[in-house]
Amino acid sequence: MALFGKKPKQSEVSELVLPKHVGIIMDGNGRWAKKRGLPRKAGHTEGARTFRKITRYCSEVGIKYLTVYAFSTENWRRPEDEVGALMKLFKSYLEEAISDFKDDDIVVRFIGDKSGFSPELQALMDENEECSRERDGMVLNIAMNYGSRDEIVRAVKRIASDVKDGKISEDEITEQLVSDNLYTAGQPDPDLIIRPSGEYRISNFLLWQSAYTEFVIMNKLWPDFQKSDLDEALQIYAQRNRRYGGV
Ligand code: IPE
Ligand code: IPE
Ligand code: MG
């Protein structure tokens, strides 16, 4: 159930003003498992199923860019066995993903610091990017070991080094240049960010890019998230009045 807005009828979705870029903070896996008396990792397994289903659906309804938050730079703080279970899940997912999303024409990209993962996982991430590069459907950014502050620091360092080397002057540092040095370079800013699980926070996700993003918080745990919940978020988005500081 959404905290704001009415539930749309399926038929209404195709008539909506669609966001070009949607972000999803896939949250609530642990609570989903706890409610069932299961270990947290069971929630992550179920969350991965939801991820596949909702990603395909986003592509079907005509979203051009989807960014999903899968693992943050802060998630390493979790107990070792939970982090271990997540790495195992990423590995099995990435092995299957090489062929997954092929029929949907989805371009897979990873945003975040890949160097934090094992060489095996990094190779799988590279392979997924490589084999989907030529597709021309929806761009799927999977945020893994992603933290927006880390991303901004990385961009600042790159720009500082270019100034130091005389490649650019200080005057050439613009908002556009900062955007061009983020992981999402060349992509439009997210129009809509959906956070299931009822938490009202951004948790270090797309801080720079979300300056004028619309937020929809949904009171549902990610493993329970259905296509109809996405429809509902799109409907709420379509009713928003975006002003960008104007009137
Ligand atoms: C999101 O679900 C998945 C990751 C952060 C990897 P959580 O694991 O944060 O689930 P809750 O928020 O504890 O319920
Ligand atoms: C955000 O969820 C990160 C992901 C969904 C991958 P968290 O569960 O880590 O965020 P907090 O701790 O509730 O802010
Ligand atoms: Mg959480």
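1. How far does a polar side-chain atom of Arg195 lie from an oxygen atom of ligand 2? The distance is 3.4 Å, and it falls under the definition of a polar contact (a pair of N or O atoms within 3.5 Å; within protein, one must be able to donate a hydrogen and the other to accept it, and residues adjacent in sequence count only if both atoms are side-chain atoms).

2. The model is predicted: local features need pLDDT of at least 70 and side-chain atom pairs pLDDT 80 or more, while totals for chains, interfaces and linings use all residues, and side-chain values rest on heavy atoms, with hydrogens and water left out. Residues are numbered from 1 along each chain as its sequence is written, with chains lettered from A and ligands numbered from 1 in written order.

3. Two further side chains make polar contacts with ligand 2. Arg201 has an N or O atom of its side chain 2.7 Å from a ligand 2 oxygen atom, and for Asp27 the distance from a polar side-chain atom to an oxygen atom is 3.2 Å. Of the 390 Å² of accessible area that ligand 2 has on its own, the protein covers 78% (Shrake-Rupley method, 1.4 Å probe).

4. The residues around ligand 2 (a heavy atom within 4 Å) include Tyr69, Phe71, Asn75 and Ser203. By class, this shell has five nonpolar, two polar and four charged residues. Strand 2 (residues 65–72) contributes the most, with three residues; strands are DSSP runs of E, at least two residues, and helices are runs of H or I, at least four, numbered from the N terminus.

5. A polar side-chain atom of Arg31 lies 2.7 Å from a ligand 1 oxygen, and a polar backbone atom of Gly30 is 2.9 Å from one. The protein covers 87% of the 380 Å² of accessible area that ligand 1 has on its own.

6. Helix 2 gives the most to the shell around ligand 1, with three residues. Helix 2 (29–35), helix 3 (40–61) and helix 4 (80–97) each supply at least two.

7. There are 13 aromatic pairs (rings of Phe, Tyr and Trp, the last by its six-membered ring, with centres within 6.5 Å; planes under 30 degrees apart are stacked, over 60 edge-to-face, the rest tilted). Tyr69 and Tyr146 form an edge-to-face pair because their ring centres are 5.9 Å apart and their planes stand at 85°. This pair links distant parts of the chain, with Tyr69 in strand 2 and Tyr146 in strand 4 (residues 139–146), 77 residues apart.

Definitions and conventions. Ala, Val, Leu, Ile, Met, Phe, Trp, Tyr, Cys and Pro count as nonpolar, Asp, Glu, Lys and Arg as charged, and the others, Gly among them, as polar.
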